Each structure stands twice: as structure tokens, then as C-alpha cells.
Amino acid sequence: MATGRKKVIILGDSGVGKTSLMNQYVNKKFSNQYKATIGADFLTKEVLVDDRLVTMQIWDTAGQERFQSLGVAFYRGADCCVLAYDVNNSRSFESLDQWRDEFLVQASPRDPDRFPFVLLGNKIDVEEGRRMITQKRAMSWCQSKGNVPYFETSAKEAINVEQAFQTIAKNALSQETDVDIDFPDTIQIPSGRQEQEPSCAC
């Protein structure tokens with residue numbers, strides 16, 4: 001059984017539940033006490049994806065704008081980016097474009113158009129009357145970004161958290177195919193030059 005390590009970044013405004021989602025998935029725990037993440041933190045979890053054991057390294061970054069400058073160090077090498085918002089907070093939804101663009105700039109993935117994102121609309125456990133972002137609006141955003149997978153979640157009630165992270169793990173694993181295809185080409189270029197040098201010397 002092959003193993004691999006995959007880096008996943010969770011981005012979104014402060015207070016949308018990024019840390020709670022990560023803790024619910026990894027530790028099956030939820031806390032009602034809100035504590036802002038300072039800088040970044042990560043947890044790891046081993047998951048089985050298509051008969052492969054994958055170690056998920058899940059990074060939870062601070063949502064406050066003053067911490068966005070930490071981006072480069074934490075975003076680089078990510079295999080999947082999770083964008084999270086609060087369905088009861090329209091501003092957190094409107095910030096998604098900014099977070100997505102910020103990630104693409106900081107992480108500089110090889111193929112930005114095909115890099116896997118997953119969208120999580122969190123806090124669906126809150127009473128329906130407080131909801132501000134409809135599922136239809138969220139789905140429309142996902143379609144405009146190349147059919148990004150979308151899950152409505154509740155870290156508090158553990159709704160769709162496991163399912164969402166299973167998709168996140170699969171999407172992170174799919175990045176490996178691109179690396180395997182591109183890697184030999186990178187090696188062949190210098191080796192070709194090395195073969196030509198002796199022939200020139202002769």
C-alpha cells in the first residue's frame with residue numbers, strides 16, 4: 001500500500017470556523033469557545049484514498065488581514081486549497097475571490113487553472129432565518145470558477161465534514177499525476193545538453 005504526504009491549506013475570513021472544521025475532522029471535537037488563530041497551525045491525519053494511505057497535513061491560517069503577509073511560507077507546496085465561509089455572513093462569502101486570488105499569487109501553482117479548490121459553506125446548524133448566502137448563490141460561484149466542489153458543513157454538528165475532507169484528500173492526491181508527468185521532462189532537458197557537450201569537444 002503506497003503512502004504519501006499531502007499539504008492542504010484552509011483559507012477564509014476570521015471566525016468562519018476554519019479551526020473548528022479542522023478539529024472536527026482530525027480530532028472529532030468541537031469547542032464553543034472562539035480563539036483566533038495566530039499565524040498558522042496544522043494537524044495531520046492519515047486517510048485511505050483509493051487503497052492508498054495518505055497523510056494529510058492540514059494547515060489552518062489566520063483569517064485576519066494583518067496575517068496575510070505570512071502567506072508565501074505557508075501556501076507554497078500546497079496540494080489543495082480549501083476556501084471556507086460562514087453561510088450566515090455575507091461578507092465572508094464576498095471575500096472568497098480575494099482569498100482565492102491571494103492563494104494563487106502566493107502559492108504560484110504550476111497550473112493555476114487546474115489547481116484543486118474545495119468550497120465549504122460552514123455553520124449550517126444556525127437557524128435558517130439567519131442564513132444570508134443561499135446554496136444556489138454558492139453553487140453559481142463554484143461554477144464560475146471551473147466547477148469547484150461545494151459542501152455545506154457544520155463543524156459543531158459534524159455535518160458533511162468527513163465527506164468534504166474525503167473529497168479534499170482525493171483532489172490533493174490528483175495533483176501527484178501532474179508531477180509524475182512533468183518531472184521526467186525536467187530531467188531530460190539538462191541530460192540532453194550534457195550529451196551534446198562531449199560531442200562538441202570531439
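Modeller: The largest nonpolar core has 26 residues, and Met56, Ile58, Phe165 and Ile168 are the ones that touch the most other members. By nonpolar core I mean a set of buried Ala, Val, Leu, Ile, Met, Phe, Trp, Tyr and Cys residues joined through side-chain atoms within 4.5 Å. Buried means under 20% relative accessible area, exposed means over 50%, and partly exposed is in between (1.4 Å probe, protein chains only). Two or more residues each come from β1 (3-11), α1 (18-27), β2 (40-49), β3 (52-61), β4 (80-86), β5 (117-122) and α6 (161-201). Helix α6 gives the largest share, seven residues. Those labels are DSSP runs numbered from the N terminus: helices are H or I with at least four residues, strands are E with at least two.

Before going on, a word on the source: this is a predicted model, where local features need pLDDT of at least 70 and side-chain atom pairs count only at pLDDT 80 or more, while totals for chains, interfaces and linings use all residues. Residues are numbered from 1 along each chain as its sequence is written, and side-chain values use heavy atoms, with hydrogens and water left out.

Now zoom in on Phe165. Setting aside residues up to four places away in sequence, Phe165 touches Ile10, Leu21, Tyr25, Met56 and Ile58, where a contact means heavy atoms within 4.5 Å. Apart from this core lies another one, of 25 residues, including Leu11, Tyr75, Leu119 and Cys142.

Next, pick out Thr55, which is found in strand β3. Thr55 counts as buried because its relative accessible area is 17%. Leaving out neighbours within four places in sequence, Thr55 is in contact with Gly4, Arg5, Lys6, Thr44, Lys45 and Glu46.

Over in helix α6 you'll find Ser174. With a relative accessible area of 38%, Ser174 is partly exposed. The C-alpha atoms of Ser174 and Pro116 are separated by 8.6 Å, though the two residues are 58 residues apart along the chain.

Finally, step back to the whole protein. There are six helices and six strands, and reading along the sequence gives the pattern β-α-β-β-α-β-α-α-β-α-β-α. Of the 202 residues, 45% are buried. Among contacts with a separation of 6 or more, 73% join residues 24 or more positions apart.
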